[in-house]
Amino acid sequence: MVVVMAPDATDEQIERVTERVASVGGEAFVSRGVVRTIIGLVGDIDSFHGLNLRSLPGVADVHRISDPFKLVSRQHHAGRSTVWVGQPHHQVPIGPETFTFIAGPCAVETHQQTLEAAEMSKAAGATLLRGGAFKPRTSPYAFQGLGRRGLEILAAVRETTGLPIVTEVVDARDVPVVAAHADMLQVGTRNAGNFGLLQAVGECGKPVLLKRGMTATIEEWLMAAEYVAQRGNLDVVLCERGIRTFEPATRNTLDISAVPVVQATSHLPIIVDPSHAAGRKDLVVPLSRAAIAVGADGVIVDVHPNPEEALCDGPQALFGGDLRALATAVRRIPPMVGRVDAGERIRPSARR
Ligand code: PEP
Ligand code: MN
């Protein structure tokens, strides 16, 4: 932390800062310039916050140098992490060496629809199945998901296909039932700042897929991840899903630069959701190619056996030729950026 003194700060005011810092066990290094004096602080940053240094006379500004998040920061963690998703006998990696393709329906509608979407996804190369049982809809009149019945369908489809499941939880009260059925719990963009829910998934014992809030800065998103980590769960995968901007041509603006920025700042894996970013199926394949090329650890996309009849997000669901084009991209591009398909690294060692 650096304290910048006002140009007219007196020696007494500078001394007052150094005394306050010493009072909590910190060290203050005073550097006197021609116009201004700056004071570098070394020690426990949280105790410095408690000093309220900005309110002292003669203090012009206080800057923090280290990240405000700790557990998810690379500053305290060498290298990038891998998160394993699935049952003990079948765990799929999401991390820096692999590329993980996650696909499935936006919402679980029926057993048949979910099974067909899962089989299409698996045939296209997906190693994890997505599907919402609890849907966070903008309108209270829209299909809200099948709830518990949807979780049972997902578990049944996992039995048939072998694909571990990722599903959203929208209410902290549902965390135990979702964790009992799912292999990974998703916190969606609308709940990315719901700190009670973040703490609850932090205690659920399963990996968490944390989407970026649609108006969240990268720092706010990583602070949300810190809430999960602080409750003891470091198995967090971040998901860039587009942010709200002035551009109406796409549903959201995919912030592709978030991928390398996050990777430089945090050790957590990061994947991209081009379906919810674009809201249009014609953009899903090009944006997926971009995500793989920029170094994302995976993509998560919507597929549907019959998009015209989808109860949720039909316009962005892949099917037929688009899904085949995505399968080709997911097979070909990751090796060019030094990654192997996550399906080749399933633990203990079984191949898909
Ligand atoms: C979803 O993945 O189904 C979803 C609702 O995504 P988001 O929270 O990114 O809108
Ligand atoms: Mn959706």
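Which side chains meet in a salt bridge with an N to O distance of 2.6 Å, Lys211 being one of them? In this predicted model, local features need pLDDT of at least 70 and side-chain atom pairs count only at pLDDT 80 or more, whereas totals for chains, interfaces and linings use all residues. Residues are numbered from 1 along each chain as its sequence is written, chains are lettered from A and ligands numbered from 1 in the order in which they are written, and side-chain values use heavy atoms, with hydrogens and water left out.

The partner of Lys211 is Asp273, in a salt bridge of the kind defined by a side-chain nitrogen of Lys or Arg within 4 Å of a carboxyl oxygen of Asp or Glu. Lys211 lies in strand β11 and Asp273 in the loop between β13 and α9, so the pair ties together parts that are 62 residues apart in sequence (helices, H or I, of at least four residues and strands, E, of at least two are DSSP runs, numbered from the N terminus). Both Lys211 and Asp273 are buried (buried means under 20% relative accessible area, exposed over 50% and partly exposed in between, with a 1.4 Å probe and protein chains only).

A search of the whole structure finds 16 salt bridges, and among them is that of Arg212 with Glu240, at 2.9 Å from N to O. This pair joins the loop between β11 and α7 to strand β12, 28 residues apart; Arg212 is buried, at 4% relative accessible area, as is Glu240, at 0%. In the salt bridge between Arg173 and Asp171, the closest N and O atoms are 2.6 Å apart; here Arg173 is exposed, at 70%, and Asp171 is partly exposed, at 21%.
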